[in-house]
Amino acid sequence: MPQARTSTPRERYRTQVRAEIKEHAWEQIATAGASALSLNAIAKRMGMSGPALYRYFDGRDELITELIRDAYRGQADTLRAAAGAGADLAGLAHALRAWALADPQRYFLVFGTPVPGYHAPDDITEIAAETMAVILDACAARPSSDGVDGAFDAHLDTHRRWAGERPVPAPVLHRALSFWSRLHGVLSLELAGQFTGMGFDPALLFEAELKDLLGP
């Protein structure tokens, strides 16, 4: 039986430096936003020259891609773990909110304003689709009508590429999209501080929206 390949000291060092670069990148994003990300500034913080840092990342876009990939992977793994532990849609919603509140900058990098001039590679979409797959499975597990109900359901019945290979009925697609869009709407407003000073508890608003989504 072949043995698993072990990394070399050079590979381990490279992995450590890349991780440190990403940590400094997150600090920059938290301070000035992703659009202000500067590899030269990160190199200065690490006591490296700019050209030396480019041995670890080809440029800003590759670094942003790694950060986005890590963020989406973290979200997908969080929801998959919750589903594996038996969480229903309500449980997934709470897991999503906890993940977002734990690191708002990570949340906004993937769900906030796009970084000017940046275009994500195709595999980012594939990772993001893993999250939707978990939501679709949870929606399919709930009782729902077998028929197509309404103009949007009829539209979704022929526009389901985003749902992958899952042959779920249109009402399930509709429920999954409503769950995803409405809860992210509340989370985005909460994390952006839009509820600050309004005098109510955002957690209770989240619960109310979730209850409305899930129905009786």
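Analyst: A residue counts as buried when its relative accessible area is under 20%, and as exposed when that area is over 50%. The model discussed here is predicted.

User: Which residues of α1 are buried?

Analyst: Helix α1 covers residues 9-32. Elements that cover its buried residues include α2 (39-45), α3 (50-53), α4 and α6. The buried residues themselves are Val17, Arg18, Ile21, Lys22, His24, Ala25, Trp26, Gln28 and Ile29.

User: What distance does α1 reach from its first C-alpha to its last?

Analyst: α1 has 24 residues. At 1.5 Å a residue, the expected reach is 34 Å. The value in the model is close to that, at 35 Å.

User: Which residues of α9 are buried?

Analyst: α9 has 22 residues and reaches 31 Å, close to the 32 Å expected. The cover over its buried residues includes α4, α5 (89-102), α6, α7, α8 (151-156) and α10 (202-214). Those buried residues are Ala170, Pro171, Val172, Leu173, Ala176, Phe179, Leu183, His184, Val186, Leu187, Glu190 and Leu191.

User: How far apart in space are Thr15 and Arg182?

Analyst: In sequence, Thr15 and Arg182 are separated by 167 residues. From C-alpha to C-alpha, their distance in space is 38 Å.

User: Which residues lie nearest the centre of the largest pocket?

Analyst: The largest pocket holds about 550 Å³ of space. Its lining is made up of 26 residues. Those nearest the centre are Tyr72, Ile124, Thr125, Ala128 and Ala129.

User: Which element gives the largest share of the lining of the largest pocket?

Analyst: Two or more lining residues come from each of α4 (60-84), α6 (104-111), α7 (122-140) and α9 (170-191). The largest share is eight residues, and the element that gives it is α7.

User: How many residues in the lining of the largest pocket are nonpolar?

Analyst: The lining is split by class into nonpolar, polar and charged residues. Six are polar and one is charged. The number of nonpolar residues is 19.

Terms used
Residues numbered from 1 in each chain as written. Predicted model: local features only at pLDDT ≥ 70, side-chain atom pairs only at ≥ 80, totals over all residues. Heavy atoms only, no water. 1 Å grid on protein atoms, 1.4 Å probe; cavity = no way out; pocket = protein on both sides within 12 Å on 5 of 7 lines; lining within 4 Å. Points joined across faces, edges and corners; volume = space filled by probe spheres on them. Helix = DSSP H or I, 4+ residues; strand = E, 2+ residues; numbered from the N terminus. Nonpolar A, V, L, I, M, F, W, Y, C, P; charged D, E, K, R; others polar. Expected span 1.5 Å × (residues − 1). Buried < 20%, exposed > 50% of the residue type's maximum accessible area, 1.4 Å probe, protein only. Contact = heavy atoms within 4.5 Å.
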